[in-house]
Amino acid sequence: MNQISDILRSATTIAVVGLSAKRFRPSYGVTEYMQRAGYKIIPVNPYETEILGERCYPDLDSVPGPVDIVDIFRRSDFVPEIVEAAIRKGARAIWMQEGVYHEAAARRAADAGIAVMMDRCILKDHRRLG
């Protein structure tokens, strides 16, 4: 939990890959919570132009500026390409939401010096910090 609290306390920007504009989707509720908690949210979804009042980008490579955390709300088979983009972006952490896991991609990210949380909810981890 120390690594998680260190990341969440020092991060300011979260790119959310697979963020849905549909309010009933888990990605929307989790991201809305993190935005209200004070993080700058960058939606990544090629089918949307704006979510939660923020400009949406088609992919991680299109996001301008640095990103602290890449939060993944995509199926596990999409994780390797997202991890490669996160490495190019210089992200500090990758958060694979509950039900999302990919061992080989996690090793690749860790080898590149990126902290990896797999099959975990960033909202639940943030709430545990108090």
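Let me begin in the sheet: Val16 stands opposite Asp71 in strand 5. This is a predicted model, where local features need pLDDT of at least 70 and side-chain atom pairs count only at pLDDT 80 or more, while totals for chains, interfaces and linings use all residues. Residues are numbered from 1 along each chain as its sequence is written, and side-chain values use heavy atoms, with hydrogens and water left out.

Strand 1 and strand 5 run parallel and are joined by 4 bridges; two strands pair if DSSP finds at least two bridges between them. Helices (H or I, at least four residues) and strands (E, at least two) are DSSP runs, numbered from the N terminus.

Strand 5, residues 69-72, also runs parallel to strand 6, residues 93-96, again with 4 bridges. Val70 has Ile94 as its bridge partner in strand 6. From strand 5 the chain passes through helix 3 to strand 6, a right-handed β-α-β crossover, meaning that, with the strands pointing away from the viewer, the path from the first strand over the helix to the second runs clockwise.

Now the side chains of strand 5. Ile69 and Asp71 point one way, Val70 and Ile72 the other, and all are buried, that is, under 20% relative accessible area (1.4 Å probe, protein chains only). In a regular strand, side chains alternate between the two faces of the sheet.

Next, Thr13, which sits in strand 1, residues 13-17. Is Thr13 buried or exposed? Thr13 is buried, because its relative accessible area is 11%. Beyond neighbours within four places in sequence, Thr13 is in contact (heavy atoms within 4.5 Å) with residues including Lys40, Ile42 and Ile69.

Key: Buried < 20%, exposed > 50% of the residue type's maximum accessible area, 1.4 Å probe, protein only.
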